[in-house]
Amino acid sequence: MGEKITLHLTDWQYNAGLVGLVNILGRDNFLIKDQSITFSSELLVDFQNKYFNFFIDTYKKTLSWYKIISYQERIDYFEETNFETFNEKDLDTLNTYIKDTVKYYLKSASYKAAYPLIDATVNPQIWEKELKTVGSLKKRETFEEKRSEIILEVQAVFSQLKKIIAYCNSDLGRKYLAGKNVIYTVIRNGWDGVSFLFRQTKIPDMYLDYQSYFLSELTEYTAEKEKYKHHCSNCNQPMKNYKNDLNFLNQTGFDANRKTSHVWNFNNDIAVCPMCKLVYSCLPAGFTYAYQEGMFINANTEAKMLLDTNQLLQRNVLNPVGESTLNETSPYVALLQGIQEQQNKSTKYELAEIQVVRYEKETYRFSLLSKTTLRILNDSKKQLDFLIKTSFREVNTSFSLYKLVMQRLFNNENLFTLIHKTLVYKLSNVSDLYYQSFHIDQMLVINTHFLRGIGRMENISTKQVSYARYFGEQFKELYKKRSNERKINGISYRLLNALKTNNHDLFMDVLLNCCSYLAIEVPAVFLKSFEGDEEFKTLGYSFVSGMIGSTSATTEKNEENVGE
Ligand SMILES: [Zn+2]
């Protein structure tokens with residue numbers, strides 16, 4: 001025991017596993033140098049408990065188990081204050097909690113499977129059946145009239161609930177209920193089909209199941225290692241046989257950076273040693289999961305950088321400081337922060353490409369953030385910050401502009417279609433728009449950074465772009481003065497149509513007509529800079545944005561009356 005183990009960075013899945021291993025065992029226990037991490041094999045004692053504890057602690061507040069036990073605080077409060085403040089709304093909350101949380105989860109399959117492991121003599125399913133919502137009011141009865149009777153009922157149901165909560169919050173309750181929770185909400189994002197995720201597993205205790213599948217082999221292996229003649233396809237260490245493949249890892253999609261990969265099932269012919277298998281099982285601890293999406297930054301220049309960026313990502317997303325709450329933009333905001341922090345800290349990392357791996361709808365998606373993309377993100381920090389709280393709805397889904405912009409930049413796509421869509425929505429007064437034309441302007445600036453970054457649009461300056469916007473505002477004022485403001489809408493639609501179809505002539509026709517009606521000259525910027533399509537679109541959209549919107553940065557809806 002106490003033997004030193006050194007592991008080296010390889011492909012992204014293994015790297016995510018390494019980050020996971022460090023997260024599980026604690027960074028202080030590792031020596032981190034160049035592309036490797038070193039630790040003592042003693043740390044692997046009792047690894048199954050450390051494995052589950054990491055997931056339970058990290059994702060605690062998202063677990064159904066936590067939803068059950070966290071009501072204890074409310075119970076304590078009402079009892080300490082003698083139910084003085086208990087009102088109708090509290091009664092509703094209590095009943096929803098009983099019905100949708102406690103009763104719902106206590107009878108779910110994964111909870112039922114955990115009961116025998118916690119205490120074979122207790123059956124919480126009986127508690128579930130006995131537990132009923134309380135304080136229902138008959139017609140024409142009011143809460144106030146029935147208050148004292150209701151409180152008695154609430155007190156009775158509280159004593160039932162306290163028993164249930166104490167059971168769930170016991171050491172074994174946490175171990176097995178929260179343990180079951182993380183299997184299905186977190187771990188299964190990374191792997192499936194073996195050990196406790198094998199549907200017909202013979203071992204009911206998932207801790208023992210993990211131990212048996214991932215750890216038992218390792219002890220024997222470490223002792224006998226030198227005798228084996230086969231080699232692990234990941235770390236090249238000797239191994240006994242080709243038994244351990246990587247089929248338990250969730251589908252990898254197509255990773256162009258992995259030379260051996262084929263579109264079909266390339267894991268089939270890969271066999272690994274027991275140590276690598278253990279590391280791969282830690283993959284979900286290296287990813288950060290939030291809002292049905294997982295993210296891992298394969299910043300593999302150095303092990304230190306890999307750990308820094310991903311630990312920062314996890315910390316910022318799962319334990320946000322201050323007012324920021326977890327939402328779908330969080331991983332992207334944290335990612336950008338991480339990248340910037342790295343670049344500010346040391347020039348050594350500067351200009352190193354970063355691979356971002358996202359797990360979305362059970363598929364991995366890869367973006368290689370080139371040096372150019374990183375520079376564009378850096379240059380656009382201010383504009384991106386303005387977009388954090390913006391969104392619009394389509395059918396029943398809300399889309400964050402921040403996330404959409406980031407995704408396009410990750411994929412090296414320009415923002416014109418997004419800019420077009422947000423302008424059309426604004427103009428049509430679609431409901432549930434949480435952005436202003438001010439935010440569209442930010443996207444135009446980011447898009448200009450993007451186009452410049454890839455060597456386009458060198459013929460126009462930022463000044464000219466903001467002038468186009470300013471001219472749009474003036475243009476609208478002139479129509480207002482002539483009491484012809486309602487024409488603005490129709491003109492905007494025609495201009496947007498010309499921009500969408502890339503029709504320079506149509507755009508100029510509309511513009512010239514309007515200018516002659518207003519008896520003003522068409523600004524020179526529109527005449528000489530319309531050569532390239534991107535210049536045309538940038539100036540055109542900027543002009544329309546100025547025409548239809550205010551410059552306010554608020555994301556409150558209906559703040560501005562568009563196109564009246
Ligand atoms: Zn290996």
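Author: One term before we start: a polar contact is a pair of N or O atoms within 3.5 Å, and within protein one must be able to donate a hydrogen and the other to accept it. Also, this is a predicted model.

Reader: Fine. What does a side-chain oxygen of Ser-400 reach at the start of α17?
Author: The backbone nitrogen of Tyr-402, to within 3.3 Å.

Reader: And what follows α17?
Author: Asn-412 does, with a positive phi near 55°.

Reader: How many residues of α17 are buried?
Author: 10 of its 10, so the helix is mostly covered. Buried here means under 20% relative accessible area. Lys-403, Gln-407 and Arg-408 are among the buried residues.

Reader: Which side chain does Lys-403 pair with in a polar contact?
Author: That of Glu-293, at 3.0 Å. Glu-293 sits in strand β7, residues 293–298.

Reader: Glu-293, buried or exposed?
Author: Buried, because its relative accessibility is 6%.

Reader: What else is Glu-293 in contact with?
Author: Setting aside neighbours within four places in sequence, Glu-293 contacts Thr-288, Tyr-332, Arg-358, Tyr-359, Glu-360, Lys-403 and Gln-407. Lys-403 and Gln-407 are also on the buried list for α17.

Reader: Back to α17. At what angle does α15 pack with α17?
Author: About 155°, with the axes 10 Å apart. That makes α15 (residues 371–379) roughly antiparallel to α17. Over 145 degrees counts as roughly antiparallel.

Reader: Which residues make that contact?
Author: Thr-373, Ile-376 and Leu-377 come from α15. Met-406, Leu-409 and Phe-410 come from α17.

Reader: Another pair, then. How do α2 and α10 pack?
Author: At about 120°, with axes 9 Å apart. So α2 is oblique to α10. The crossing is right-handed. Helix α2 covers residues 47–59 and α10 covers residues 206–224.

Reader: Which residues meet there?
Author: From α2, Phe-47, Gln-48, Asn-49, Tyr-51, Phe-52 and Ile-56. From α10, Met-206, Tyr-207, Tyr-210, Gln-211 and Leu-215.

Reader: What does the side chain of Asp-11 make contact with?
Author: Its side chain makes a polar contact of 3.2 Å with the side chain of Tyr-280. A side-chain oxygen of Asp-11 also comes within 2.9 Å of the backbone nitrogen of Gln-13, at the start of α1.

Reader: What span should α1 have?
Author: 20 Å for its 14 residues, 12–25, at 1.5 Å a residue. The end C-alpha atoms are 20 Å apart, so the two agree.

Reader: How many of the residues of α1 are buried?
Author: 14 of the 14, so α1 is largely enclosed by the rest of the structure. Gly-17 is found in that helix, and it counts as buried because its relative accessibility is 0%.

Reader: What does Gly-17 touch?
Author: Val-279, Cys-282 and Leu-283, not counting residues up to four places away in sequence.

Reader: And what follows α1?
Author: Gly-26, with a positive phi near 95°.

Reader: Last one, the whole protein. How many helices and strands?
Author: 24 helices and 12 strands. The C-alpha atoms fill a box of roughly 90 × 80 × 40 Å along the principal axes. Buried residues make up 51% of the 564.

Reader: What share of the contacts join residues at least 24 apart?
Author: 72%, among contacts between residues at least 6 apart in sequence.

Conventions:
Residues are numbered from 1 along each chain as its sequence is written. This is a predicted model: local features need pLDDT of at least 70, side-chain atom pairs count only at pLDDT 80 or more; totals for chains, interfaces and linings use all residues. Side-chain values use heavy atoms; hydrogens and water are left out. Helices (H or I, at least four residues) and strands (E, at least two) are DSSP runs, numbered from the N terminus. The expected span of a helix is 1.5 Å times one less than its number of residues. Buried means under 20% relative accessible area, exposed over 50%, partly exposed in between (1.4 Å probe, protein chains only). Axes are lines fitted to C-alpha atoms, for helices over the stretch in contact, and angles run from 0 to 180 degrees between N-to-C directions. Angles under 35 degrees count as roughly parallel, over 145 as roughly antiparallel, 65 to 115 as roughly perpendicular and the rest as oblique. A crossing is left-handed if the near helix is turned anticlockwise from the far one by less than a right angle, and right-handed if clockwise. Contact means heavy atoms within 4.5 Å.
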